[in-house]
Amino acid sequence: MKNSLSRRRFLKLAGSAILSLAAGCGFSAPPAAKSRLDEAARPVRKLARTLTGDTSLEARFVRQIVTGDNRTGRTVMWQSDDAQAGAEVACRLAGTEDFMVVPATTERYTDDRQDAYLHSARLEPLLPGKQYEYRLLAGDSGSSWMPLKTDDGGRFTCLIFPDSQCSDGYVTWREVAQDAARRTPEAAFLISMGDLVDNGEDHNQWEQWFNGLDGVLNRLPLAPVMGNHETYTLDWKTRLPLAYLSLFDVPENGSAAFGRYYYSFDYGDVHFAVVNTQMNEIDDLRPGLLAEQLAWLPRDLAATTKKWKIVLMHRDVLRYGIHGRPERRPGIDDIGRTFMPLFDEAGVDAVLTAHLHTYRDRGRLYDFQPANQGPLYILTGVAGNVRYPGLWIDHVFDKFIAPQPETDNYLTLDASKDELVFRCYLPDGTPIDEARLRK
Ligand SMILES: [Fe+2]
Ligand SMILES: [Fe+2]
């Protein structure tokens, strides 16, 4: 994955191989346009080997990651101690026996003095709105079949988790995440708003974070947002976010310097742009992140044909005062000064942020003021045990603040053609806030 160019070439070759296999199965060449989707609907290869019920494959933290178009593609990743040369993923429509096979890339991954092998496969082309099953294969071993559902381009619900960093072995995170997933069986995917872990180089913390989503990430794709804590070293200096970039094979953005630092994806009738706000941490190590995004984001938002546009970014747009620090003036933060005019101009509908570990619904803002137009700005709260009780002074733009002192929270988004509904819940499922946008 670090060598994205060769990876793309590899997948292109893999795709050709699949089409060749299809031809070998006697399929006539389908007409253009619909052909690639039709191809995916048809059996590509009969189960010929393995798949004998052997489910002994070592596969840790099996996870789905969003692709740019989740109607037709899905990325599947896992980790292992053994190299698992020739690893691949079998995928079939649920209830059928025939399947296609996609080779996985394998990368040796070393961080925090720990070695692992990371495997990633992009399953495409898939059919929209279909229930699939996938199975990991390597040598004579395989995993069990796991569910995978593609986006049908219509109404959906997703789960949104704010900062999940923890100091308790991620027990709090696991409870929040597992309960939220259990209460939201209709969720199609998950968003993590950044600061997934407290220390981005700490191998144990990543394992604990993934364990918190055990049984969830192997069936629902994740859209992660990079936070500042993903850039911290064990001795609390900054580094490039090596673990985050290796662990999450998010969609490419075409950047040579900042591939996968920022990206966009579509789900339903919503275009999501994932902006990276870690300029403070990254500029000294690799300059140019802001300039690149200021060129990319307007292009990305203008290019979508989706009705709704949502921006996800870790740092907030507003500056909150801090009790006991009168020199810190509330107002618009530098991130807001930089990006809010761009959001106004591009017709962004909602902006979700995190980082301050508090839930605040600020309603719609336009030209730096509350308005009946402009994006809805939601500061998404906290989903770990790192809490800042009594720290923030309420902002004049705050319309709703989570009950104080805050415990934890999560959000859902229900998105349909005519409406976006954001709901915020306490960990026990009690709803505390709802924000609707209609157009
Ligand atoms: Fe945080
Ligand atoms: Fe943060």
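Visitor: In β6, which residue is the bridge partner of Thr105?
Guide: This is a predicted model. Strands β5 and β6 (residues 114-123) pair in the antiparallel sense, over seven bridges. In β6, the partner of Thr105 is Ser120.

Visitor: Which strands stand at the edges of the sheet?
Guide: The sheet is open, has 10 strands and shows mixed pairing. Its order is β5-β6-β2-β1-β12-β11-β10-β23-β24-β25. An edge strand has a single partner, so one side is left without a neighbour in the sheet. That describes β5 (105-111) and β25 (431-438).

Visitor: By how many degrees are neighbouring strands of this sheet turned against each other on average?
Guide: Direction is ignored in this average. The value is 30 degrees.

Visitor: Which strands does α3 lie across?
Guide: Helix α3 covers residues 171-183. It runs at about 170 degrees to β10. The strands it lies across are β10 (156-161), β11 (187-192) and β23 (410-415).

Visitor: Is α3 roughly parallel or roughly antiparallel to α4?
Guide: The axes of α3 and α4 (residues 203-212) come within 8 Å and cross at roughly 25 degrees. Angles under 35 degrees count as roughly parallel. Therefore α3 is, relative to α4, roughly parallel.

Visitor: How many nonpolar, polar and charged residues has the contact of α3 with α4?
Guide: From α3 come Trp173, Arg174 and Ala177. They meet Trp209, Asn211 and Gly212 in α4. By class, the contact has three nonpolar, two polar and one charged residues.

Terms used. Residues are numbered from 1 along each chain as its sequence is written. Chains are lettered from A and ligands numbered from 1 in the order in which they are written. This is a predicted model: local features need pLDDT of at least 70, side-chain atom pairs count only at pLDDT 80 or more; totals for chains, interfaces and linings use all residues. Axes are lines fitted to C-alpha atoms, for helices over the stretch in contact, and angles run from 0 to 180 degrees between N-to-C directions. Helices (H or I, at least four residues) and strands (E, at least two) are DSSP runs, numbered from the N terminus. Angles under 35 degrees count as roughly parallel, over 145 as roughly antiparallel, 65 to 115 as roughly perpendicular and the rest as oblique. Two residues are in contact if their C-beta atoms, placed from the backbone, lie within 7 Å. Ala, Val, Leu, Ile, Met, Phe, Trp, Tyr, Cys and Pro count as nonpolar, Asp, Glu, Lys and Arg as charged, and the others, Gly among them, as polar. Two strands pair if DSSP finds at least two bridges between them.
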